[in-house]
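Reader: I would like to go through a structure by question and answer. Please show it to begin with.

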Amino acid sequence: MADSGTADGTAPDRGGDDAETLPNGETRRWWKEAVVYQIYPRSFNDSNGDGVGDIPGIVEKVDYLDDLGVDVVWLNPVYESPNADNGYDVADYRAIMDEFGTMADWEELLAELHDRDIRLVMDLVVNHTSDEHEWFRRSRRSRDSDYRDWYFWREGRDAAEVPWTAEEGPDGEAPPNDWQSFFGGPAWTYDETTEEWYLHLFDEKQPDLDWSNERVREEVFDTMAWWLEKGIDGFRMDVINLVSKPPGLPPIGADSERDTFDQVSEGPRVHEYLREMREAVLSPDLLTVGEMAGRSLSLEHARRYVGQGPDGDGLSMLFHFEHMHLDRGAEPWEREAWELPELKAVFDKWQAGLEGAGWNALYLSNHDQPRTVSRFGDDGAYRRESATLLATLLHTLRGTPYVYQGQELGMTNAPFASLSEFRDVETKHPVRRAIDRGEIDSFEAVADAVRANSRDNARTPMQWSDGSNAGFTDPDSEPWIGVNPNHGEINVAAERDDPESVWHYYRRLIALRGEHDVMVYGDYDPLVPDHERIWAYTRTLGEERWLVVLNASGEPTDVELPVGAADATPSVVIANYGDGEDRVGEAVDGAFELRPWEARVYEL
Ligand code: TEU
Ligand code: CA
């Protein structure tokens, strides 16, 4: 891998583009070979005992990241913010949030990471700002403010003439259209100063920027250039597929199957804006990952987002949400049943769909999602086995794996006992609203589903030790959100001492990626797609061929795989039962049995 910068925070050389081509036509890139570790700073490590994680706290753990072996850190927003949505409401793009530290702390973090060849990717949150951002403050002042058209201001509609209504706002007046905020309620808030409404797809403290205004785009690109100048290695782009609103902001309409996400994602100018961004500030040596929110992203749009040719937008990779929607209903208290073949089909579709066209970002969890092992595995009897099986999946698909803090320990969902224990707007607001409107009886009536869905599962503090507050903050301090009571068993200290732990298994997988091109670049070919328990596939690069076999169930399961192995008794690369030693010399070209949640990777 290329040198990743110097101790003074200088960016790695982005030089000319003479990237190597692999036997199957893939272009070698550092960000394809990397494993990304996502840090949610508020919940990672608190250095000063105020109960809130911070940047000096991350600096204290840089050696931890180095030991784990990750190549990149993606930092959730650390910019100045009133924290209506934990930093996703930015008040100043060029300043660090007081609670998290200073710009000098951030610079130290960058230098310490680069010193260990770990790169830093920052979150770019530019679909909206905070309502406390200077641009919005000015925009709000008068209808003829210079900043008025940086946001969406519209007059209300006559409530008697439109089918939608809102509780807030003057009598007889309805919002400009029927769009709904993703955090519940209308996507519009009435502002008395100028007697108009402004658009916010998320919280009312997150007004949407109007990207059709050229000055907005220039300001965004300048901000990006400013951070690149400081030496960062890329951006994770928050809901970047929502930045082009359809002209006229058309209502969705009553009988439609569409929701607000469908109405605003992949808008008419989104690719134009991203190509402009590419021209202005991006380069193929940066890691750029677009978050493509919603469930309606097509492969056709996806290929354009990550296309590296002149017609592509040039992003390195994207986050789609298809697997994240399998078990979730439309509301935080709604759940859907799902079967393994559906989950496999989502991955098969995206593995094949971007082949030759772009690169996948692979994730099973992040700060917006429940914990991986609780959701796709078994966080009870087979926690270790299922967490390591899911780790095997994450690292052996084609794409760049993203590990969310605590996932490397097999951290689980949390047993939130009442609505007051949640902190997230996406959980609290819609549930309160539904209770007030009589749509649900009480929190208790929907507790299981809300607990299973909530983003707060991912936001409980990182479990460093079995001590009080899990070592996240001082023993006497009050963490901003409760610590999961299972930290006595699940924590960094205990798992580092146990060679069989989830942590050690992650560490081995991460190291393996650095050693085997086939694991990174190899072609992906699914086997037994309809099998209800077994997930199996091969990866092929030139002469090299790997077989991955996963029993994604708590039952011992027989399988016969059509692998056509040249060598019937291949070697085991990695396995989650005793390192697979008991399987050496065992044939894979006939029927064989896997134990509950067993994962094996063979070199054929
Ligand atoms: O997320 C966008 C998004 O689609 C989620 O909020 C979505 O509601 C959730 O994944 C489904 O459970 C991004 C950020 O990651 C999130 O933290 C922010 O709240 C949001 O944008 C607004 O900036
Ligand atoms: Ca702190």
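Author: What follows is a set of questions and answers on a predicted model.

Reader: Which residues coordinate the calcium ion (ligand 2), and is D46 buried or exposed?

Author: The calcium ion (ligand 2) is held by D46, N48, D50, V52 and D54 at 2.2 to 2.4 Å. The spacing of these donors along the chain is D-x1-N-x1-D-x1-V-x1-D. The relative accessible area of D46 is 5%. Buried means under 20%, so D46 is buried.

Reader: Which strands stand at the edges of the open sheet?

Author: The sheet has 8 strands with parallel pairing, in the order 13-12-11-5-2-1-15-14. An edge strand has a single partner strand, so one side of it is left without a neighbour in the sheet; this holds for strand 13 (317-319) and strand 14 (361-362).

Reader: How many residues apart in sequence are E26 and R398?

Author: E26 and R398 form a salt bridge, with the closest N and O atoms 3.3 Å apart. E26 lies in the segment before helix 1, and R398 in the loop between helix 12 and strand 15, so the pair ties together parts whose separation in sequence is 372 residues.

Terms used:
Residues numbered from 1 in each chain as written. Chains lettered and ligands numbered in written order. Predicted model: local features only at pLDDT ≥ 70, side-chain atom pairs only at ≥ 80, totals over all residues. Heavy atoms only, no water. Donors = N, O, S within 2.8 Å, 3.2 Å for Na, K, Ca; no water. Buried < 20%, exposed > 50% of the residue type's maximum accessible area, 1.4 Å probe, protein only. Pairing = 2+ DSSP bridges. Helix = DSSP H or I, 4+ residues; strand = E, 2+ residues; numbered from the N terminus. Salt bridge = Lys/Arg side-chain N within 4 Å of Asp/Glu carboxyl O.
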